[in-house]
Amino acid sequence: MDLGIRGRMAIVCASSQGLGRGCALGLAEAGVSLVINGRNRASLERTAEEIRRAAPVEVTPVVADVSTREGQDALLAACPNPDILVNNNGGPPFRDFRELDRESMLAGVTMNMVTPIELIQRVIDGMAARGFGRIVNITSVSVKMPLSGLDLSSGARAGLTAFVAGVARSVADKNVTINNLLPGSFDTARLRSGFIAAAKRGRFSEAELARRSAEEIPAKRFGTPAEFGQTCAFLCSVHAGYITGQNILLDGGAYPGAF
Ligand SMILES: NC(=O)c1ccc[n+]([C@@H]2O[C@H](COP(=O)([O-])OP(=O)(O)OC[C@H]3O[C@@H](n4cnc5c(N)ncnc54)[C@H](OP(=O)(O)O)[C@@H]3O)[C@@H](O)[C@H]2O)c1
């Protein structure tokens with residue numbers, strides 16, 4: 001399917017690996033030029049090269065911490081008028097909520113709620129004026145389904161979800177959409193790091209923990225960053241202009257509700 005966005009420009013935050021990288025690749029395959037981002041220069045440059053080999057689009061790597069004002073300035077300097085913004089960031093570490101002090105709670109809220117809102121504030125009016133805009137926030141299945149130990153991540157992302165629900169309606173008539181993608185378990189370094197840490201604490205190997213975890217998912221497997229990225233690209237397409245303010249689960253059936 002031609003997504004109708006060839007020649008558009010996207011900023012994809014936190015995209016040197018994992019889900020962000022999947023979104024960047026999906027958009028590149030649809031002909032979108034990219035600003036990609038991460039804090040580690042070597043892995044970001046490597047990803048930029050891989051995307052250039054995969055698709056004939058312009059790829060500009062911006063080494064920056066997206067949670068900071070300077071990082072956001074650098075992203076917008078590289079692409080002042082993006083047609084597409086994919087908000088992504090690291091997530092807070094797995095931790096018992098009793099151990100969270102005020103500083104770490106504020107850091108988590110900054111990462112997963114304030115940062116995407118700040119970027120939306122800075123791009124949305126330009127998108128509305130130009131009559132096209134697609135904003136996708138990578139959140140988590142934990143917005144709908146509690147995952148104990150990831151309470152801060154869930155809370156901050158739920159805050160973002162509620163915040164943008166109203167904002168999305170305010171620009172719908174300008175062909176600007178805002179949607180959230182809710183990943184369940186995707187095979188990325190972040191998912192694997194959880195198994196590695198649990199294997200060190202317990203009696204099962206990383207591979208066994210991964211096998212058991214996949215077994216609990218109705219699809220009996222983890223998702224791939226590539227399929228996540230294709231969903232993101234579709235939401236950014238011309239065909240998805242009537243989808244806005246939605247929370248789209250990609251979880252292999254893990255969330256056990258009809259709605
Ligand atoms: N994978 C899953 O199953 C899953 C499920 C639910 C939610 N999520 C959420 O989805 C998001 C992406 O997860 P993932 O699995 O793709 O993680 P990942 O494989 O660890 O990749 C994270 C990416 O973000 C970059 N990054 C992290 N912090 C950054 C910052 N402050 N500024 C700029 N770039 C930053 C990393 O590069 P650098 O380290 O070089 O900066 C890397 O490219 C996370 O928020 C995660 O909590 C993931």
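Which helices and strands each supply at least two residues of the shell around the ligand? They are α1 (18-29), β2 (33-38) and α6 (189-201). Helices (H or I, at least four residues) and strands (E, at least two) are DSSP runs, numbered from the N terminus.

## Basis of the report

This is a predicted model, in which local features need pLDDT of at least 70 and side-chain atom pairs count only at pLDDT 80 or more, while totals for chains, interfaces and linings use all residues. Residues are numbered from 1 along each chain as its sequence is written, and side-chain values use heavy atoms, with hydrogens and water left out.

## The ligand and its shell

The ligand is surrounded by 27 residues, where a residue is near a molecule if one of its heavy atoms lies within 4 Å of it. The closest are Ser-16, Arg-39, Asn-89, Phe-186 and Thr-188. By class, eight residues of the shell are nonpolar, 15 are polar and four are charged. Here Ala, Val, Leu, Ile, Met, Phe, Trp, Tyr, Cys and Pro count as nonpolar, Asp, Glu, Lys and Arg as charged, and the others, Gly among them, as polar.

An N or O atom in the side chain of Thr-188 is 2.5 Å from an oxygen atom of the ligand. For the side chain of Arg-39, the corresponding distance to a ligand oxygen atom is 2.7 Å. Gly-184 instead places a backbone N or O atom 3.1 Å from an oxygen atom of the ligand. On its own the ligand has 880 Å² of accessible area, of which the protein covers 89%; such areas come from the Shrake-Rupley method with a 1.4 Å probe.

## Helix α3

In helix α3 (residues 69-78), Gly-71, Gln-72, Leu-75 and Leu-76 are buried. Buried means under 20% relative accessible area, exposed over 50%, and partly exposed in between (1.4 Å probe, protein chains only). Seen down the axis of α3, these buried residues fall within an arc of 130°, so they line one face of the helix; the arc is that of the directions from the helix axis to the C-beta atoms.

The face turned away from the buried side carries the exposed residues Arg-69, Glu-70 and Ala-77. The cover over the buried residues of α3 includes β1 (9-12), β2, β3 and α4 (102-130).

## Two buried loop residues

Val-57 lies in the loop between α2 (41-54) and β3 (59-63), and it counts as buried at 12% relative accessibility. Asn-88, in the loop between β4 (84-87) and α4, is buried with a relative accessible area of 14%.

Definitions and conventions. Polar contact = N/O pair within 3.5 Å; in protein donor to acceptor, adjacent residues only side chain to side chain. Contact = heavy atoms within 4.5 Å.
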